[in-house]
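Please walk me through this structure in the viewer, one selection at a time. Tell me what to pick next and what is found there.

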Amino acid sequence: MGRRQPMVASTVLAVLLGGCFGAGSVHADTASGIALYVDNLAAGCSDTGPGSQAEPFCQIQPAAQAVAAGGVVHIARNNTAYAPVTVASKGTADAPISFITAPGNGTIVTVAGGQATAITFSGAQYIDMAGIQASAGAPTAVTFSDAQHITYRYATVRTGATTATTPAIAVDGSSSGIALTHDLVLTTAGLGFASAAGAQDVTLADDRFSLDVGGGIAAAGTTGIHLAGDTISTLCGNAISLTGGTSGSVQNTVVMPGGTRTCSRTDTPAEFTVDASSAPQVTADYNAVNPLSTGTDYDWAGTAYATTQAFQAGTGQGSHDLDQTKLTIPVTGSLTEHSPLIDSADANAPGEPATDYDGKPRVNDPLVADTGTGDSSYDRGATEFQDPLTASGVGMSPSTTGYVGVPATATAQISNPWSDALDGLTYTFDFGDGTTATSTSASATHTYTQATDGSYIPVSVVVDTAGGTRVGGADTWYRVSPLPALTSSIGCGRSPAAPDTASCFYDVGFDPYTVTSDQITFGDGSSAVSPTALSGTVTHRYAAPGTYTVTQKTTDSGGRTATATTKTTVGAAYVTDGPNRLLDTRYGIGAAKRRIGPGGVIRLKILGVDSVPTSQVSAVTLNVTDTGATTSSVVTVYPDGTSRPAASNLNFKAGQTNPNLVTVRVGKDGYVDLYNAHGYVDLIADLEGYFTTSPSTTDERMSSLAAVTPTRVLDTRSGVGAAQGKVGPGSVTTVILPASGRGIATVNAVLNVTVTGGTSNGVITVYCGASTPPPASNLNYRAGQTVSNLVMANVCTGGKFKIYNSAGHVHLIADLQGLYTNELAGTTDDATSPSGTPLVATIPTRFLDTRNGTGAPAKPIGAGNTLAVKVAGIDGIPLGASAVLVNLTGTGPTTTTHLTAFGGNGLPNVSNLNLTTGETRPVLTVIPLDQDGYIHMHNANGSVNVIADLEGYFG
C-alpha cells in the first residue's frame, strides 16, 4: 500500500480497446527502412505493385517478402480477413522489422489460416508484430520455425484443433529469443503453447490463456523459458508443464479452472507440473493456484502437493505462492478490491512487462497492503487492478428538465474509492445544444436559449487527469422546456369549531428559479406571514367578524412576481340553546310585570343568562311574540347601546298574538333592546340559540349555516312528508329531512313553518328528542288564519324533527331553507351533510322598501311577478356570500297572497310569508344569493309592498 501512482506510465506504448491493438500505437523509426502498405479492400491494391499508400499490396505475404531491415508494414484493419502469411524477413537488432495495423473499415487485422497455419515465422529475425490476430481451423495458428528474436504481442490467437497435442502457438527447437506478450490464446481441445527441445530464451508475459481440455503451456527441453504475469484457465488442469530438462522461471502467474463445466478426461493432472529433470533448473514463486475440485496444485519432480504450504515445505519453492486455502479466484479472472493478488507480485520477475495485458500501467492500490517485491504496484496475473476513479454519471439541476433562460448546472458524479481528493482533474461538459464547457471543478453551468420541443438531448462529461489521461465519461438525457409562468394560488376555509379563524391552503406553482420571498397578508392590518415551504396551510385568527381579502405575493430569483388573492369570511358559529324563555312581561320574567307602553324600551340581558356565555357572543336568536296589544304597532329589536334602526321585527294589530324569529346583534354590554312604537303590549322572548366566536373542539352544537335550495319537506294538504289531512289537537308529527340533512353533522334545520285552515286558535312547537314538547311555542295562530314563522329546529338522529299542535285541527307546511352543520360535515365521518359558513351579524339595515323606492322602484310587486334585488355590497356583503339573513315584511296586499324569497335556481315551490288582504306581517328569512349577488322575491297574487331589513350574512 502506498500513495496513488500516476494512471499512465511513461512506458505505455499502446492503447487498446477490447483487446485490439490501436492504430498509431506502435511508433517505429522508419528512417532506415521503407514503409509498406497492405489493404485487401483498396480498389487499387496489387500484390505485384509497389506496396505504397497509394497502391498497397492486397495481402500481407508480398509485403513480408519485400520489407527490409528497419521497414514497417502497415496493414489495414478491415472486416475481411487476410490470407496466411509466412514471414522470413530479417531485421537487425538496430533495425528491426515491424508489422503494425492501420486504419481500415473495421477494428482489427485478422489472418485466417483455415486448415493451414495462419502466421509462420520461418527463418525470420528481429521481427516485431503487433495487433495481428491469427486463427486456424484445425492446425496450429502461429508457428515459430528457426526464428530468432521475434516479438508477437497484443494479438488474439485462436485454433480449433481437436487433438490435445496440437498447440495454438508452437516454437520449434531451432528458435530462440521468442517473446509473446499481451496476447489472448483460445483453444478447444489443443494446447495453448508448446516449445520443443532445443528452443531457447522464450518469454510469455501478461498473456491470457482461455483453454479447454488440452492444457496450457508445455515446454520440453527448453532452455530459459520465463512465464511472468500470465493468467491461465483450463478445463482439465495441466496449465503449466515443464519437462525434459527445461530451465527457466514461473512467477506472478495465476492458474485457475476454466468455467463451471466438468472435465471429460479421466485423469486429473496437476495445474503446475515440473518433472525431475527440470525441477532443479526452474524457479517458481509469487504464483496463485486454484486447482480443479478433483485435481491438485503441484506435481514437482514426481511428487504431488495439494497446497502451497505442502509445496513450500517439500521443495523450498513458492514461498510466496497463494492457493485455494487463501483465496478463490473468480471464474472471470477479474480482480476485485482487496484481492490478495493486488500489489503482491515480484516486479523483478524475468520478462515481467511494465504494462498489463490491456497495456495499462502498474498502479499501487492504497487500500491493499504491499506484499510484493521491488516496485510494490505490480499485481499477479495478466490484468492490473486499476484506479477505480471514474465518472459514474451526470446530475442536472434542475433535474430531468431545464428551462429556457434559467441556468442549468451539470455535475459530474465521481466514484473515487481510493481518495477523497479530486485535485488535478479536468471536466469537459457537452450540454447537447452545441455548447461545451471545461472546468476544473466537477460542475458547470449553462443557460439554454431554445426549448427542445419535448424531445431529450444528451448532456455528457468526460473527465481527464492533469496529464491528459481519460478517467472516464458519463451522460444523461435532458429536456429543455419553455419557462413556465410563476403562479401561486390560495384558498381559505373555516371550521364551525373555530369560526373566527381562517385556515388557508397556499401553493406556489412549479418554479425553476428559487423563491426568494413569499408573504401572506390577511387583510386586517396584521403582520404578514412568510411561509418556508412552497405549499402548505397557514391559520389566522381575526379580531372581528367580516369578509377579508387574503393575499399571497411571491417573488423568485428571476425577478418575477406572482400575486394570488382570495376572500374569506369569518364570523360566529351557531349554538342551539333552547327554547328557554328569557322574557315574559305578563309574569315579570326578564323585565317588570307590566305591558310596555308607547315608545317604551325593554333592556333584555343576554350574556350570562341561562346557559349563554358571558363573552364572545356576537348575536342571539329569539322567538319574539307580541300579545294583547291595545292598538296597531311595531316592535324593533336591536343591540343595546346603538341607535334604533328604522327596521321592524313585529307588526301587529290590537288584540293579536304574533310570533317572529329574530336574530339580533348583542350590545357590547350584553343586552338587546325591544322597542314598542304605539299603545301597550305584552312581549315574550324565547331563546333559541346564540352565535359565538369562541372556539371549541368539544361542543358538537357549534355549527355553521349551509344554505340550500328552498325545499318543501312537509305539506299535510297534499301528503308531502306526512299523511294527507289536518293534524288534530295534541298531535305530534314526525318529519324526516332530505338525505343531505340526515348526517351526524346536521345539528339544526332552518324551516319556514306555516299553518293554515285551523279550526280553532292554537300554538305550534317544533322540537326533537323529548317525549313531551317544551312549554315554548314557535307559532301562534287563530282559527282560519294562514300564518308562518322561521324556526331553528333541533334535528335528531336520522334527520328527524317533530311538530306539536296544541288545539283544533290544522294543516302543517314546512319549507327547508338551510342546515346548520358542525365540523364533521364533509369529512369521512359525514360525507352527506353540507359544510356551512359563519354568520356576520350586522346592524339592522333597510335595503328594500317598495313603498318609497328604497332598493327598487316605488311600486308594489304585481301578481306573478318577481323582484330581483342586489344585496352584494350592502353593509359589506361580499360577492360570493352564500346567503343573507333578512327580516322580510309584506304590507298592503290587495288580496290573499304569499311571498317566496329565493336565490338563482328558479322559483321553488315554497313560501316564506303568507298574507291576507290589507295585512302587514314580518318574517325572518334565510335567502340564498345567486352568482351575481342578487336575491329574488316573488308575489303570488294581487299586489303587495315589500320591506326587507338586513340582519346579517353568511360568508
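**A tour by selection**

Start with strand β26 (residues 272-274) and strand β29 (residues 298-300), which pair in the parallel sense over three bridges. Within this pair, Phe272 stands opposite Tyr298 in β29. Keep in mind that the model is a predicted one.

Now widen the selection to the sheet these strands belong to. Ten strands form this open sheet, in the order β5-β8-β11-β14-β17-β20-β23-β26-β29-β30, with mixed pairing. At the edges are β5 (85-87) and β30 (303-305), each of which pairs on one side only. From one strand to the next, the twist averages 10°.

Next, select β14, residues 167-171. Is this strand mostly covered or uncovered? Mostly covered: five of its five residues are buried. On one side, β14 pairs with strand β11 (residues 142-145) in the parallel sense over three bridges, and Phe144 has Val171 of β14 as its bridge partner. β14 also pairs with strand β17 (residues 191-195), again in the parallel sense, over four bridges. There, the bridge partner of Ala170 is Ala194 in β17.

**A buried aspartate**

Move to Asp356, in the loop between α2 (308-315) and β31 (390-397). Asp356 is buried but has no salt bridge, and the nearest side chain of opposite charge, that of Arg362, is 5.8 Å away. A salt bridge would need a nitrogen-oxygen distance within 4 Å. What does the side chain of Asp356 reach at 2.8 Å? It reaches the backbone nitrogen of Glu384. The backbone nitrogen of Lys360 also lies 2.8 Å from a polar atom of the Asp356 side chain. Show the surroundings as well: leaving aside residues up to four places away in sequence, Asp356 touches His182, Asp206, Arg362, Ala382, Thr383, Glu384 and Gln386.

**Salt bridges**

Two of those neighbours, Asp206 and Arg362, form a salt bridge, with their closest N and O atoms 3.0 Å apart. This pair links distant parts of the chain, 156 residues apart: Asp206 is in the loop between β18 (200-205) and β19 (208-210), and Arg362 is in the loop between α2 and β31. Both Asp206 and Arg362 are buried.

Then select Arg153 and Asp128, whose side chains meet in a salt bridge at 2.9 Å, N to O. Arg153 is in strand β12 (residues 148-153) and Asp128 in strand β9 (residues 125-130), so the pair ties together parts 25 residues apart in sequence. Arg153 is buried, at 10% relative accessible area, and Asp128 is buried too, at 18%.

For another salt bridge, go to Asp669 and Arg603, where the distance is 3.1 Å, N to O. Asp669 counts as partly exposed at 40% relative accessibility, and Arg603 is partly exposed at 43%.

**Further along the chain**

Select Arg594, in the loop between β45 (573-584) and β46 (601-605). Is Arg594 buried or exposed? It counts as exposed, because its relative accessibility is 59%. Apart from residues up to four places away in sequence, Arg594 touches Thr585 and Asp682.

Finish at strand β62 (residues 866-870), where Leu867 and Val869 make up a covered face and Thr866, Ala868 and Lys870 an uncovered one. In a regular strand, side chains alternate between the two faces of the sheet. β62 pairs with strand β67 (residues 934-939) in the antiparallel sense over five bridges, and Leu867 stands opposite Met937 in β67.

Technical notes: Residues numbered from 1 in each chain as written. Predicted model: local features only at pLDDT ≥ 70, side-chain atom pairs only at ≥ 80, totals over all residues. Heavy atoms only, no water. Buried < 20%, exposed > 50% of the residue type's maximum accessible area, 1.4 Å probe, protein only. Helix = DSSP H or I, 4+ residues; strand = E, 2+ residues; numbered from the N terminus. Pairing = 2+ DSSP bridges. Axes fitted to C-alpha atoms, helices over the stretch in contact; angles between N-to-C directions. Lys, Arg positive; Asp, Glu negative; His and termini not counted. Polar contact = N/O pair within 3.5 Å; in protein donor to acceptor, adjacent residues only side chain to side chain. Contact = heavy atoms within 4.5 Å.
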